[in-house]
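Subject: Structure for you to look at

Hello,

Here is the structure I said I would pass on. Please open it next to this email and read the notes below it.

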Amino acid sequence: MLEIRPECECCDKKLPPNSTEAYICSYECTWCEDCTENILKHVCPNCGGGVVKRPIRPANEWRKGLSTKHQPPSTKIVKTKFTHQEISDFADKMNEILPENR
């Protein structure tokens, strides 16, 4: 189950569980749409993998026991250790390799 982290690791933008602007990699590194498009270029600076839109966990219990009420999103704040320039330079190098070939 996804953690659904609460904010962008790069710019600290709040990304609530129902945000359509949240992106993640396969390790759940979490980024906002602006950072994903303009700094990361859809490349996770932490693992080198692809970055895609984060799914939205239902707030309503449409199926018994399944909702944010029963599996609440994380409150854990995670920050990247890289500068914006380091991220951009890394993304420029990795962006030429398709995520499935990295």
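The notes below go from the whole chain to the sheet and then to single residues.

This is a predicted model, in which local features need pLDDT of at least 70 and side-chain atom pairs count only at pLDDT 80 or more, while totals for chains, interfaces and linings use all residues. Residues are numbered from 1 along each chain as its sequence is written, and side-chain values use heavy atoms, with hydrogens and water left out.

The whole chain

The chain has 2 helices and 3 strands (DSSP runs numbered from the N terminus, helices being H or I with at least four residues and strands E with at least two). Read from the N terminus, the order of elements is β-β-α-β-α. Along the principal axes, the C-alpha atoms fill a box of roughly 45 × 25 × 20 Å. The chain has 102 residues, and 37% of them count as buried (under 20% relative accessible area, with exposed meaning over 50% and partly exposed in between, for a 1.4 Å probe and protein chains only). Among contacts with a separation of 6 or more, 55% join residues 24 or more positions apart; a contact means heavy atoms within 4.5 Å.

The sheet

The 3 strands form an open, antiparallel sheet in the order E2-E1-E3, where pairing requires that DSSP finds at least two bridges between two strands. E2 and E3 (52–53) stand at the edges with a single partner strand each, so one side of each has no neighbour in the sheet. Strand E1 (residues 22–24) pairs with E3 over 2 bridges in the antiparallel sense. Ile24 has Val52 in E3 as its bridge partner. Helix H1 (residues 33–40) lies across E1, E2 and E3 and runs at about 90 degrees to E2 (axes are lines fitted to C-alpha atoms, for helices over the stretch in contact, and angles run from 0 to 180 degrees between N-to-C directions).

Single residues

Trp31 is found in strand E2 (residues 30–32). Is Trp31 buried or exposed? Trp31 is buried, at a relative accessible area of 0%.

Asp12, in the segment before E1, has a positive phi near 70 degrees although Asp12 is a residue other than glycine. Asp12 is partly exposed, with a relative accessible area of 37%. Lys41, in the loop between H1 and E3, also has a positive phi, near 55 degrees. Lys41 is partly exposed at 22% relative accessibility.

Regards
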